[in-house]
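Dear colleague,

Please find the structure below, handed over for your records and further reading. My findings follow directly after it.

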Amino acid sequence: MQPTDLKNLTLEGLMQFLAGQGKERYRATQLFKWLYQQGATDFSEMTNLSKALREELAATACISRLEPEAVEVGSDGTRKYLFRLADGNAVESVLIPDEDRNTLCISTQAGCAMQCAFCLTGTFKLTRNLTTAEIVNQVLAVRRDVEVRNIVLMGMGEPLHNLDNVIAALQIMVNDNGLKLSSRRVTVSTCGLVPELERLGREVTVNLAVSLNATTDELRDRIMPVNQRYPIATLLAALKKFPLPGRRKITIEYVLLGGLNDTPEDAKRLVRLLSDIPCKINLIPFNPHEGADFRPPTKAALDVFHKFLLDRHFTVITRDSRGSDISAACGQLKGRLEKPADKETP
Ligand code: SF4
């Protein structure tokens, strides 16, 4: 029988696993702390468990680990980690350093089925979902390198298209005996899968970011095929009901595509659409990649758009393209290194 990878289990799942072996459920808390707070990778390290239990666990379970195959460092300090998975697939995580808080952007799928027209990951189609262990192991691997305070599920893949594994990974991240991250510092980003969004809100408390990118269904249908299933009005109605931690706001991500969705009319429509949604708006100038049919907005168009929203009392941030020289910026991840010759092998 295949050993059970304990990192695929939430605390409750681990309790059930131990109970199934006739063990006390409270042992799960000890194990959880070893896995996520001590970073144990071998049962022999778990000295507060009896030798007999450690031997039994070693016979029925395993502890997976990810090591970066390569790390690229951008001129602004952004670090892109390439992880090779056991079956040969590869995914990327991006660490965006900041003075007082590092943010780690992690992947949830190899490839993506959503096919957003402006995103390089979407052109690779979906290969497979990542397991819960593969999601949390990205955090653990980067944490061995640097402190990570913020997590965004905004890398390769649509998190809500892999919802069971993502919910389990989130539960591990925010559990006090697990990765112990504040739910205020964990953000799930989605292109707008409405039923899954509702389930996410019921099952875990985290921040939400939504990739909107258009103010008419006509354009959103074209650049984000998910809109054909869940049009803008349906998506916004779901956002109004989404439970957020504390008095947080939903982040609306808006990739500005030069000449396409960056006009003053778009800005006006955006204000109307978002008028009764507690939100802040992230404007992201399009990051070009090979084969892309789009261009970034002009500086003038970006400034007008930004100011229009600001004048209507929205919180607006125009995001820098961090890491674009190593193809680590938003929409540029593809699961392989840009220039293998430049890599820093850990
Ligand atoms: S933007 Fe997100 S959901 Fe859309 S194709 Fe890219 S990875 Fe998938």
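The structure, which is a predicted model, holds 19 salt bridges. One of them is formed by Glu69 with Arg84, whose closest N and O atoms are 2.9 Å apart. Glu69 belongs to strand 3 (residues 68-73) and Arg84 to strand 4 (residues 79-84), so this pair ties together parts that are 15 residues apart in sequence.

Turning to the domains, the assignment for the protein chain gives domain 1 (4-62) and domain 2 (68-342). Twelve residues from domain 1 and 16 residues from domain 2 take part in the contact. Taken over C-alpha atoms, the centres of domain 1 and domain 2 are separated by 33 Å.

How much area is buried between domain 1 and domain 2? The value is about 1100 Å², and carbon and sulfur atoms give 59% of that area. The number of salt bridges between domain 1 and domain 2 is zero. Polar contacts do occur there: seven residue pairs, with both residues at pLDDT 80 or more, are found in polar contact across the interface of domain 1 and domain 2. On the side of domain 1 that touches domain 2, helix 2 (residues 27-36) contributes the largest share, namely five residues. By class, that side of domain 1 has five nonpolar, four polar and three charged residues.

As to the ligand, which residues are around it? They are Cys112, Met114, Gln115, Cys116, Cys119, Gly122, Gly157 and Glu158. Sorted by class, this shell around the ligand has four nonpolar residues, three polar residues and one charged residue.

Lys125 is a residue other than glycine with a positive phi, near 60 degrees. Lys125 is found in the loop between strand 7 (109-110) and strand 8 (128-129). His313 likewise is not a glycine, although its phi is positive, at about 70 degrees. The loop that holds His313 runs between helix 10 (299-311) and strand 14 (315-318).

With kind regards

Notes
Residues are numbered from 1 along each chain as its sequence is written. This is a predicted model: local features need pLDDT of at least 70, side-chain atom pairs count only at pLDDT 80 or more; totals for chains, interfaces and linings use all residues. Side-chain values use heavy atoms; hydrogens and water are left out. A residue is near a molecule or strand if one of its heavy atoms lies within 4 Å of it. Ala, Val, Leu, Ile, Met, Phe, Trp, Tyr, Cys and Pro count as nonpolar, Asp, Glu, Lys and Arg as charged, and the others, Gly among them, as polar. Domain bounds come from an automatic or database domain assignment. Contact means heavy atoms within 4.5 Å. Buried area is the accessible area (1.4 Å probe) that two parts lose on being put together, summed over both. A salt bridge is a side-chain nitrogen of Lys or Arg within 4 Å of a carboxyl oxygen of Asp or Glu. A polar contact is a pair of N or O atoms within 3.5 Å; within protein, one must be able to donate a hydrogen and the other to accept it, and residues adjacent in sequence count only if both atoms are side-chain atoms. Helices (H or I, at least four residues) and strands (E, at least two) are DSSP runs, numbered from the N terminus.
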